[in-house]
Amino acid sequence: MSRKLGIIVVLLAVASICESATIFHPISESHRSAALELFSGSFSSLEEAYEGLRTFEVLGIEKKPDVKDHTCKSVVDTLSSVSSNSRDLYHALRVNGILKCRISKEDLTGIVLRLKGAVKDATSLLDYYHSIGGLLLVKDQSSEVDVHLENADGILRSLKALSQSDGRWRYSSNNPESSTFAAGLAFETISGVISLAASAVDENLIGTLKKDIVKLFDSVEKYDDGSYYFDDKHIDASGHQGPLSATSAVVRGLTAFASISESLNIPEDKILGLARFFLGIGVPGNSKDLFYQIDTLSHLENNRVSVPLILSLPATVLSLTTKDKLKVSTVLGSTAPPLSVKLMQVFSSGSRDASVLKQELHFDPKEAVHTLDALPEGVDIGEYVFAFEIVLSDPEHKRKFATGGRTKVPVHVTGVVKVENAKVAVLEGDIVESEKKLDLPGKNDLALSANHLQKLHVSFLLTTPFGKPFKPHQALLKLRHESGVEHIFVVGNSGTHFEITLDFLSLVEKFYYLSGQYDIELTVGDAVMENSFLQPLGSIELDLPKAPEKATQPPPQAVNPYLRYGPKPEIAHIFRVPEKRPPQEVSFAFLGLVLVPFLAFLVGLLRLGVNLKNFPTSTIPATFAILFHGGIAVVLILYVFFWLKLDLFTTLKTLGVIGIFLMFVGHRTLSHLASVSAKLKSA
């Protein structure tokens, strides 16, 4: 299917001027980019594969991921597998309808037999939906296979038994809950049964089903912008079906039923509202919602009930200066039927009075757009509501297309505002001391001076291109002191005349008694003013009285955040002066006193006659004795390290481990000595 997919033209219908309006934009390149991003890579299932391929097909995307070989393999495996149910076969056949995989006539014949068996054994709406849908897909893909249903009336009555009085349907006879989403599936299934029927279906039954569709549309809900949608309150095993999926199912069911029925009495404003709903969601953020949107719009373009025509305005901001054009295009870029677009009325913002115009827009056959070459007479800059009307050239098209009647669109008209008689003056009382003209907008470089007994007066005129008074959203005069303190004043107006007088005597407290130079800046701006400006005017030197003792101090000015990255002040470290040490002789004398106890210890050992006569001579006792004395030596070395570098906690932990070791080897050594001493005494 090419990018030109039938005819929908986008309409923005507003019930009244006060009613909120939404600009609906046609499907754009953003949707195509989103499709390539959301459906990139391989598909996780055949259902997802169909959604991606169908979206690419509707949008006319040629450079899509090459998934045919891998996907066709999955299709063939699914269709040939005996374990595949009707749902699996349905999704595989949908994908095959797009990719045209190699499926033989014999394989399709076997698939038809399995699907017809599934129709006979069906107990729920979903069973009928997948099996009937599969047979319909086989019919579209091959004319050599017999897919006709012999008991079509019986199947229709089984499906009709699931309908409810409000137009909703149940999924099965065992489930009392009704669903709008199920109603859409039911109408799509019923249209398939009628298409596959081997003989004519009871017309009374078809008439009853038409009434069910009309009842369902009685429950449609509406947004303020004219969009219509269906919501689903039913929650089944697959979870809650939201407005997007429920509305999509109803549209598919409606268009499918309309393809086998002569007429359905559905108001055209509701068909238009359904198109607005799917256009109003913009570009969806997930693949499922994008598929619902694109697939449903495609069905609306090709339905037999009423094809919605939508008036699409690329921009609702028009310019008196550049003469912008209003374009009319179809939502998916397809060619509209012969028609004309007229600008019927123009409402001024805030007024219900309108001028009747009936101005026809110029049609450009090359670009297939309707252009408003010039704005209506009397339209000045400001906010308006334009009322357009689509008129079909062929009366026969009125039965096929829904135009929506008169469409009201909010429009902002911009232009260049004239700034005249701009002056600035210094007054003393009512006497003008000095006066200078201003070029607005333009370059100005004033150098004024005043004291606290004088006044500053600024005035100018604003008019529209048609000479009408213009009141902008903002007209501000700013004075900025050289210290950074700012003062902003609103410029008042009376008609076209804007003026402000600053009496410095009454402003000395507000100015914090700050004398010196003040920069003057004038701001005039509005959304419809094309020459809005923020204009420096120059400076004024103010001589104000000295501040009294209890005067309010000016607020601290914000620090430039970029200054934090500048150079920092140098930090000069002042080290503590070392304490005075004692003379070297005193230190050596103290060292000698420390060594005296150690020398006394050695002398004591000599006087006691210390010797190694009792040191064990056997191997094992001698080993324990050596380890014991070595452990004592380690303890002494640990004390030395504690004195030099170790902290108390590390020393105590190490000493605890060594102490346990000394206790063990010392006990063995002393036990050996005691045993030897006992033997000598007994001998």
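Is the crossing of H15 and H16 left-handed or right-handed? The analysis concerns a predicted model, in which local features require pLDDT of at least 70 and side-chain atom pairs count only at pLDDT 80 or more, whereas totals for chains, interfaces and linings use all residues. Residues are numbered from 1 along each chain as its sequence is written, and side-chain values use heavy atoms, with hydrogens and water left out.

The protein is divided into domain 1 (3–20 + 313–414), domain 2 (29–309), domain 3 (420–565) and domain 4 (604–682), the bounds being taken from an automatic or database domain assignment. A distance of 68 Å separates the C-alpha centres of domain 2 and domain 3.

Helices (H or I, at least four residues) and strands (E, at least two) are DSSP runs numbered from the N terminus. The axes of helix H15 (residues 619–644) and helix H16 (residues 648–682) come within 8 Å and cross at roughly 160°; axes are lines fitted to C-alpha atoms, for helices over the stretch in contact, and angles run from 0 to 180 degrees between N-to-C directions. H15 and H16 are therefore roughly antiparallel, given that angles under 35 degrees count as roughly parallel, over 145 as roughly antiparallel, 65 to 115 as roughly perpendicular and the rest as oblique. The crossing of H15 and H16 is left-handed, a term applied if the near helix is turned anticlockwise from the far one by less than a right angle, with right-handed used if clockwise.

Helix H6 (residues 125–141) packs against helix H8 (residues 180–196) at an angle of about 45°, the axes being 9 Å apart. This angle makes H6 oblique to H8. The crossing of H6 and H8 is left-handed.

Helix H14 (residues 584–608) has 25 residues and should span 36 Å at 1.5 Å a residue, which agrees with the 37 Å between its end C-alpha atoms; the expected span is 1.5 Å times one less than the number of residues. A kink of about 30° is located at Leu595 in H14, shortly before the proline Pro597, where the bend at a residue is the angle between axes fitted to the seven residues ending there and the seven starting there. Gly609, with a positive phi near 75°, follows H14.

Two further backbone features were identified. The peptide bond from Leu440 to Pro441 is cis, with omega near -15°, and Pro441 is found in the loop between strand E17 (431–437) and strand E18 (446–451). Asn421, in strand E16 (residues 418–428), has a positive phi near 50° although the residue is other than glycine.
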